[in-house]
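Here is a short briefing on one protein chain. Keep the sequence and the 3D view open as you read.

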Amino acid sequence: MALVRWDPIRDIERLEPFRELERWDPFREIDTLQRRMNRLFERMIPGDGGERAGLTFIPAAELEETDDAFKLKVELPGLEAKDVNVEVTPEAVSITGERKSETTTEREGYTRSEFRYGKFQRVIPLPSNVQHEQVQAEYKDGILRLNLPKAEPEKQKAFKVNLG
């Protein structure tokens, strides 16, 4: 194979595929990606005119299993017990509530808040059934603790099968 000196005037046709690389703008690609991600998140959060309506946050939870019960701990900072509703079924725990906003007005400056206000709901499925009538609850310092006693497993009954 012979080596040939490259002449850009003579070999202009070979440059055509590379012209796209010269015009590539990484910032335009990043801007496009950002707009697409914003639209995706806007679809996930219901609301009108960009304002978020519906659920504002989902509280963090920890579930621990012991021999006779499940221990559930849910983080609800800044809420009073009267603002939280807890419902327990044999299969799941549902926690709903509302964090109400405190209205403050500043005349000479502005107020910026990153707190989330509004309604929330969290449904936590349980690995096995519990005795939902005997649940014990404690709410202190923004932490809800539930003691969920396990239900007795239904004993399997053996049935004799008559073959003739």
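Predicted model: local features only at pLDDT ≥ 70, side-chain atom pairs only at ≥ 80, totals over all residues.

The side chain of Arg 99 comes within 2.7 Å of the backbone oxygen of Pro 77.

- Arg 99 lies in strand β5, which covers residues 92-99.
- Arg 99 is buried yet has no salt bridge.
- Asp 83 is the nearest side chain of opposite charge, at 8.2 Å. A salt bridge needs the charged atoms within 4 Å.
- Beyond its neighbours within four places in sequence, Arg 99 is in contact with Phe 57, Pro 77, Leu 79, Arg 116, Tyr 117 and Gly 118.

- Ser 94 is found in strand β5.
- Is Ser 94 buried or exposed? Ser 94 counts as buried because its relative accessibility is 16%, and the limit is under 20%.
- Leaving out residues up to four places away in sequence, Ser 94 touches Asn 85, Val 86, Glu 87, Gln 121, Arg 122 and Val 123.

**Salt bridges**
- How many salt bridges are there? The count comes to five.
- Asp 31 pairs with Arg 35, with the closest N and O atoms 3.3 Å apart. The two residues are four apart in helix α3, so about one helical turn separates them.
- Asp 31 is partly exposed, at 36% relative accessible area. Arg 35 is partly exposed too, at 41%.
- Glu 62 pairs with Lys 73, and their closest N and O atoms are 3.6 Å apart. This pair links distant parts of the chain: Glu 62 sits in strand β2 and Lys 73 in strand β3, 11 residues apart.
- Lys 73 is partly exposed, with 32% relative accessible area.
- Lys 150 pairs with Glu 65, with 2.5 Å between the closest N and O atoms. Lys 150 is in the segment after β8 and Glu 65 is in strand β2, 85 residues apart.

**A nonpolar surface patch**
- Leu 33, Met 37, Leu 40 and Phe 41 form a nonpolar patch on the surface. Together they have about 370 Å² of accessible area.
- Leu 33 belongs to helix α3, residues 26-44. Leu 33 is exposed, at 53% relative accessible area.

**The whole chain**
- The protein has three helices and eight strands. From the N terminus, the order is α-α-α-β-β-β-β-β-β-β-β.
- Of its 164 residues, 19% count as buried.

Methods. Residues numbered from 1 in each chain as written. Heavy atoms only, no water. Patch = residues over 30% accessible without salt bridge, like charges linked within 9 Å, V, L, I, M, F, W, Y side chains within 5 Å. Areas by Shrake-Rupley, 256 points an atom, 1.4 Å probe, with all protein chains shown as cover. Buried < 20%, exposed > 50% of the residue type's maximum accessible area, 1.4 Å probe, protein only. Lys, Arg positive; Asp, Glu negative; His and termini not counted. Polar contact = N/O pair within 3.5 Å; in protein donor to acceptor, adjacent residues only side chain to side chain. Contact = heavy atoms within 4.5 Å.
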